[in-house]
Amino acid sequence: MPRLRIGGTERWLILVIVAMGVALGLLTPTFLTLPNLFDLLNASAVNIIFGAGLLVVLIAGGIDISFTVAASVVQYLTAITVPLFGGGDWAVGLLLAGAFGTLLGCVNAFFIYQFRIVSIVVTIATYNLFFGLLMFWSGGVSIYDLPDWWTTRVVIFGTETASGHAELSLTVLVMALCVSATWLLLRRTSTGRQLYALGDNPEGARRVGINIGAMHYLAFGWLGLMAGIGGLMQAHYAQEVVPNALYGRELDVLAAVVLGGARLGGGRGTILGVFLGIILVAMTQNGLNLLGISPYAFKMIIGAIILVAITLSSEGVGRLIGSWRRPAERRAA
Amino acid sequence: MTSALSRTADGPRIQAGAPLLQLDHISKRFGGVKALDDVRFDIKRGEVLCLAGENGCGKSTLIKIISGVHQPERGAAMLFDGRSIEGLSPATARALGIQVIWQDLALFPEMSVAENIAFESNLGARPRLVNYRAMRAAAARILDRLGVKLNLDASLRTLAIAQRQIVAVARALVAEATLVFMDEPTASLSQAETDALLVIVRRLSAEGIAVVFVSHRLAEVLDVCSRVTVLRDGRFVGTFPTEGMTQTRLTELMTGKTFDYAVQERDLSSAPVVLSVENLSRAPDYANVSLTIRRGEIVGLTGRLGSGRTELALSLFGMAPASTGTVTLEGTPVRFASNREAIRAGVAYVSEDRLQLGLIQPQSIADNTAIAVLDSLLGPDHLISARRQSALVDTWIHDLGVKIGHPGHAVSTLSGGNQQRIVLAKWLATNPKLLILDCPTVGVDVGARAGIFAIIHKLAKAGMAILLISDEIPDVYFNADRILHMRNGRIVGAYVPGETTLDTIEGAVHA
């Protein structure tokens with residue numbers, strides 16, 4: 001198997017992204033400039049981190065919508081606990097946020113695996129539970145006096161261009177690390193292949209002797225970890241912790257990940273697809289902005305794009321076209 | 001292949017002819033039900049043995065005990081290569097080279113063929129890096145050994161069922177199998193595909209791998225196996241050489257019944273014709289099919305899977321329109337655009353796949369029974385009348401002798417035979433003139449089978465025209481007035497049971 005096999009969905013997304021990039025480059029003077037493209041990446045990085053985590057859960061055959069509020073909870077918990085570590089630094093922050101996130105993810109895994117409850121039901125419940133607890137304890141109050149290390153912008157790469165200052169933030173570096181780690185997990189480790197197997201055919205996975213419980217904790221724990229790290233980076237990006245800052249973002253991420261080729265039934269999906277799916281949505285939003293289209297139209301247009309893309313990439317269209325050409329290719333049932 | 005042969009030769013020194021696996025006094029109880037009662041089993045290296053028995057006879061339980069999934073009751077003796085293997089776990093069974101290819105294959109559709117075959121290398125408690133190259137090489141080696149060519153990088157879901165079967169066999173061999181169980185491997189294969197699989201089975205046997213073949217297709221069993229072990233109702237009937245065994249004798253051993261009941265001998269030639277089909281064709285499923293069914297007549301339609309029988313039935317039921325030819329129902333030419341029209345015209349079809357298509361498993365018995373006739377249950381307020389529904393349900397449950405706890409219980413709580421009766425009740429409630437039964441006895445045990453045929457005969461006596469499709473030839477032989485044999489989409493033979501023998505028909509169908 002070639003190491004960097006690019007699947008059909010991904011190729012299709014690259015094509016659309018390139019076409020849209022060229023079109024926006026022609027239509028607006030600013031789109032194809034380094035500052036804008038870097039901004040696009042800076043702004044999408046948190047969603048990509050979330051998406052990497054969600055992908056692991058989707059591949060294992062589950063679904064989770066509680067990860068964004070889990071990320072908010074992690075932001076608060078981290079903000080409260082870093083002073084105990086002398087104010088902390090990035091290492092402490094990442095460790096704490098990752099640990100809190102993993103813990104919350106394992107709460108989901110616990111209910112889903114131990115009580116065999118469908119993951120969407122459990123995560124709808126924990127979504128409300130986490131958010132309710134957060135609002136109740138925080139009283140809906142934001143935190144602005146975060147430690148300096150957390151809010152000070154860290155530039156990992158900056159350059160002056162004709163169209164202004166362009167820079168990549170720390171969030172992009174963290175995102176790159178998260179994406180690499182997820183890729184390594186999914187493609188290169190035996191555990192990752194077991195996750196695919198579980199989502200693909202749960203009964204088959206059980207029969208070959210995969211530890212189903214461990215896979216549940218791994219998948220939801222991994223998403224928790226990514227949610228924690230994503231939450232930390234989002235607070236860094238926004239320079240404040242607001243309880244409902246991430247509320248509602250879970251469906252955007254989910255849609256983009258599915259757009260990237262992950263299958264809701266499990267067993268299929270790639271990290272490249274996640275990256276492309278999220279970039280495509282962010283690019284659309286950015287392009288509409290630059291074109292001066294009313295922000296009220298964004299959701300509508302993005303929704304339509306996702307619908308069209310998913311319809312085109314689904315096997316259903318192929319079947320429909322195929323059945324026009326050849327009316328009877330049914331195999332004996 | 002040479003490596004496998006030498007492996008056998010270098011294997012633990014055992015006396016020639018000593019069994020690879022020997023089990024004695026195997027019993028297993030689930031709750032109050034005795035699934036296995038003092039069963040014996042043995043197999044030699046390289047032997048192809050058939051495990052035969054009706055559904056529910058304990059075959060699956062025995063396989064699960066041998067593969068370590070279940071533990072037998074006390075008193076069991078299990079020897080593998082002369083060593084005791086009591087307390088067998090799935091992991092140790094695998095380590096001994098005991099592999100089971102389940103009927104549903106347990107493969108991973110989204111993964112590549114190579115990864116499916118070599119998936120074993122992804123297992124283990126400790127995470128490892130995946131070596132795709134090694135997996136691919138291992139998969140290629142095995143397929144080569146089997147003499148099969150498959151695209152290793154194709155995802156499994158793009159493969160036909162016969163090819164998936166081969167992938168499942170290949171996966172079993174990756175793990176250095178010594179004993180392979182194949183659970184109904186040919187159930188969904190065509191004749192050519194079955195032949196190809198049997199070639200592979202013989203090849204495994206030549207390599208010294210013991211194969212236990214579980215199949216309902218008796219012709220196949222007698223062809224490929226050297227001995228057959230028969231279980232009935234959880235008890236050991238015996239292990240017999242296939243040399244000199246006939247299908248009829250084997251059926252008797254499996255069912256415990258001698259087939260002395262008479263074939264149908266009724267003269268229905270003066271009864272009015274209900275269904276008349278002339279030169280019906282639908283490429284590529286079937287061509288030039290002509291048949292008639294009279295009032296009160298049971299016409300048996302047999303043939304192997306893929307012969308076009310199900311497609312023909314679906315056409316008569318309006319679900320797969322025929323391209324040419326005519327269908328006449330009680331003298332009126334009909335051309336159904338959908339199965340709703342067919343139902344209204346008085347055609348009912350009981351599908352082959354009862355569990356998936358025939359019943360809505362989680363819904364109640366009552367709801368399942370009434371689902372095809374909901375319109376007739378509307379009260380004056382245009383809502384479903386609970387009174388009418390329960391009257392209807394009670395009538396059918398009584399008429400068909402369904403054993404249920406309560407009509408409100410989920411249909412999934414019923415046994416196979418009783419579920420089949422509910423499917424029948426559902427369609428009988430539509431008051432059909434023509435009833436098409438597609439393999440009504442699949443997954444139904446012997447006793448319930450007789451009950452279902454009793455119902456079918458009662459319906460025929462009441463004047464219903466019945467098309468009985470089955471690949472179990474005794475089913476049609478002892479129940480139909482006439483038998484049509486379908487092969488490759490054509491009707492190639494017509495028999496009257498009273499004028500021919502069961503073996504003649506079986507010979508023709510399995511030839």
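The model is predicted, so local features need pLDDT of at least 70 and side-chain atom pairs count only at pLDDT 80 or more, while totals for chains, interfaces and linings use all residues. Residues are numbered from 1 along each chain as its sequence is written, and chains are lettered from A and ligands numbered from 1 in the order in which they are written.

Along its principal axes, the C-alpha trace of chain A spans about 70 × 55 × 40 Å. Of its 333 residues, 44% count as buried (20 or more other C-beta atoms within 10 Å of the residue's own, with C-beta atoms placed from the backbone).

Chain B gives 29 residues and chain A 22 residues to the contact between them, where two residues are in contact if their C-beta atoms, placed from the backbone, lie within 7 Å.

Next come the cores, sets of buried Ala, Val, Leu, Ile, Met, Phe, Trp, Tyr and Cys residues joined through C-beta atoms within 7 Å. The largest nonpolar core has 163 residues, of which A:Ile49 and B:Phe213 touch the most other members. Leaving aside neighbours within four places in sequence, A:Ile49 is in contact with residues including A:Val174, A:Cys178 and A:Met226. Apart from this core lies another, of 68 residues, with B:Leu316 and B:Ile469 among them.

Definitions and conventions
A residue is buried if 20 or more other C-beta atoms lie within 10 Å of its own, exposed if 12 or fewer, and partly exposed in between; C-beta atoms are placed from the backbone.
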